[in-house]
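Here's a quick briefing to read alongside the model. Have a look at the structure first, then work through the points below.

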Amino acid sequence: MTGKLPPLATLGPFIALLAACTFFASQSDRFLTGGNLSLVLQQVAVVGVIAIGQTLVILTAGIDLSCGMVMALGGIVMTKFAADYGLPAPLAVLCGVGVTTLFGLVNGLLVTKVKLPPFIVTLGTLNIAFAITQLYSNSQTVTDLPPSMTALGNTFGIGGTEVSWGTVLMLGLYGLAWFVLRETASGRHVYAVGNNAEATRLVGIPTQRVLLGVYVMAGLFYGIASLLSVARTGVGDPNAGQTENLDAITAVVLGGTSLFGGRGIVLGSLVGALIVGIFRNGLTLMGVSSIYQVLVTGILVILAVAADQMSRRGTR
Amino acid sequence: MRQPTRIALATLLLAPAGFAFAADAPAIGLITKTETNPFFVKMKEGASEAAKAKGAKLLSGAGKADGDNAGQVTAMENMIAAGAKTILITPSDSKAIVPAIKKARDKGVLIIALDSPADPADATDALFATDNYKAGVLIGQYAKAALGSTPAKIITLDLFPGHPVGAQRHNGFLKGFGLAAPDAKSNELGKAAEVVCMADSFGDQAKGQTAMENCLQKSPDVTVVYTINEPAAAGAYNALKKAGKEKGVIIVSVDGGCQGIKDVGAGRIAATSQQYPLKMAAMGVDAGIEYAKSGKKPSGYTDTGVTLIAAKPVAGVDSKDVKTGTELCWGKK
């Protein structure tokens with residue numbers, strides 16, 4: 001129950017990322033510039049932060065299909081509250097994050113109290129969140145946002161490279177999640193629940209409370225992702241999040257976290273998100289259609305899960 | 001189990017009454033690609049208003065997502081079962097929808113394609129749509145004239161591979177710009193030396209922004225940006241602004257939604273080709289009512305018109321101002 005991964009599953013994602021970077025650096029002299037790499041980080045920030053929440057859920061052997069839609073709903077709520085009702089930006093953002101956290105709570109309660117499988121629960125809330133988003137926004141994009149709401153999209157210079165505040169926030173959240181999962185009792189409990197919920201309960205850890213906490217925290221992360229998405233595009237977009245659902249799961253799986261729960265490191269999910277972003281960026285720089293990025297992602301997902309399966313067999 | 005059985009029985013008993021009602025007011029079906037795209041939301045509103053004004057009953061349905069052919073087929077079957085004699089459809093998959101259309105026409109249902117054609121185009125009775133190639137030509141001509149003697153370095157933010165509307169706008173733009181381009185029938189995106197980067201935006205603002213950022217890394221000296229629609233243009237503008245290059249780059253687009261026209265007024269988009277979804281829908285409803293009355297079917301292609309909207313007119317290219325564009329725009333004014 002150390003939560004340590006076998007070398008292949010841990011190192012695989014990092015090796016894939018490094019290989020992709022080396023390849024693209026040899027193909028385009030613009031690839032390895034500070035500006036370009038900072039750009040890729042900006043582009044993966046939304047999926048990256050959703051993937052933190054998704055990692056927590058997957059570590060408990062669950063899955064959250066609702067993540068992207070809940071994120072879109074949070075974005076619509078915060079932008080409409082600010083632009084249409086004139087609420088001060090911080091308060092509006094708080095309301096948006098509140099709604100996504102509430103959705104996390106609902107997911108968690110249905111999983112822990114009603115004992116429904118996470119796949120079904122979040123399939124339901126995926127559709128509910130999507131419908132509410134469309135009904136509430138009337139399918140219209142929300143514009144004319146206060147500048148303070150999009151401040152995370154602003155950049156600052158480090159040695160000639162422009163870095164966005166959103167990137168900093170994402171990296172900070174990853175650092176925090178990594179620390180909590182690795183060094184605190186609650187973090188270790190998440191791994192324990194994913195490894196063997198029954199055994200964990202028998203040693204006196206309140207597994208239901210841990211699970212509920214994980215879903216609530218996931219909702220909170222989706223809310224932060226809403227703010228990042230709003231800051232990046234400068235609008236409240238009712239059609240946001242439609243690909244982020246699966247993109248976030250892809251990032252977690254590419255990052256080596258086991259879909260069977262209990263194993264994985266959250267930093268891997270950042271690497272997973274970066275791999276997808278690096279391919280999209282690098283292929284454009286090479287002048288190659290970005291549909292190949294989709295192809296490569298598919299192959300890597302299968303390799304990642306295969307590596308996990310093999311290492312699992314090894315330990316049995 | 002008892003409750004559902006009772007409901008099913010009640011439905012059966014009530015059904016004949018429902019059909020009797022449908023026979024009085026002609027039922028017209030409208031099937032859009034999705035329920036959520038503002039373009040189709042407006043189209044539905046236009047159809048619903050026209051139907052109400054003329055005493056017809058509008059049934060509406062849609063696929064779940066762009067490209068959901070099965071969802072459209074299901075909607076079509078349900079509408080025919082509900083007694084619709086005319087169905088207006090914006091095909092999501094121009095080829096895959098054809099067998100279902102043929103089945104409906106064999107039952108005497110009038111099928112009119114709106115916005116984009118079926119493949120082959122004569123699979124439907126008629127097509128009411130924007131001339132997307134012409135929409136592209138207009139913004140191509142505008143961009144060329146507005147650019148003047150500055151060298152052309154073009155980025156194109158396209159739809160996604162294989163979609164005829166994406167190809168027609170892209171190729172029309174190249175043609176209007178005076179570059180070699182495939183004709184209106186081609187489904188391939190034309191390439192020219194002046195086009196320094198091509199990327200797919202999926203007509204989405206966030207994806208358009210990502211695509212533009214990546215293209216800017218490849219070609220920072222861009223002078224013209226062609227975009228498939230106005231959300232993609234807004235994404236392109238965001239990317240340019242973040243790179244500090246929003247001045248001096250000409251962004252052109254297609255659609256004429258109210259937000260897009262606002263962006264033209266604010267100088268974020270230089271010019272856009274405006275199309276008219278409400279008109280397509282209203283014409284479709286009219287045709288359906290005519291068919292119910294006299295049995296006369298429309299045929300062939302009807303151009304629903306396209307107008308170039310620009311804040312700054314250029315010599316040699318006809319355009320209308322932002323005020324006109326706002327009056328005719330669709331979406332939230």
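**A buried phenylalanine, and what surrounds the story**

Phe39(B) counts as buried because 22 other C-beta atoms lie within 10 Å (buried means 20 or more such atoms within 10 Å of the residue's own, with C-beta atoms placed from the backbone). This is a predicted model: local features need pLDDT of at least 70, side-chain atom pairs count only at pLDDT 80 or more, and totals for chains, interfaces and linings use all residues. Residues are numbered from 1 along each chain as its sequence is written, while chains are lettered from A and ligands numbered from 1 in the order in which they are written.

**Phe39(B)**
- Phe39(B) sits in helix α2 (residues 38-53) of chain B (helices are DSSP runs of H or I, at least four residues, and strands are E runs of at least two, numbered from the N terminus).

**Sheet in chain B**
- Six strands make an open, mixed sheet, ordered β7-β6-β8-β9-β10-β12 (strands pair if DSSP finds at least two bridges between them).
- β7 (195-200) and β12 (307-310) of chain B are the edge strands, each pairing on one side only.
- Strands β9 (residues 250-255) and β10 (residues 271-274) of chain B run parallel, joined by four bridges.
- Asp255(B) has Gln274(B) in β10(B) as its bridge partner.

**Confidence in chain A**
- Chain A averages a pLDDT of 91, and 96% of the residues score at least 70 (pLDDT is the predictor's confidence in each residue, from 0 to 100).

Terms used
Buried ≥ 20, exposed ≤ 12 C-beta atoms within 10 Å, placed from the backbone.
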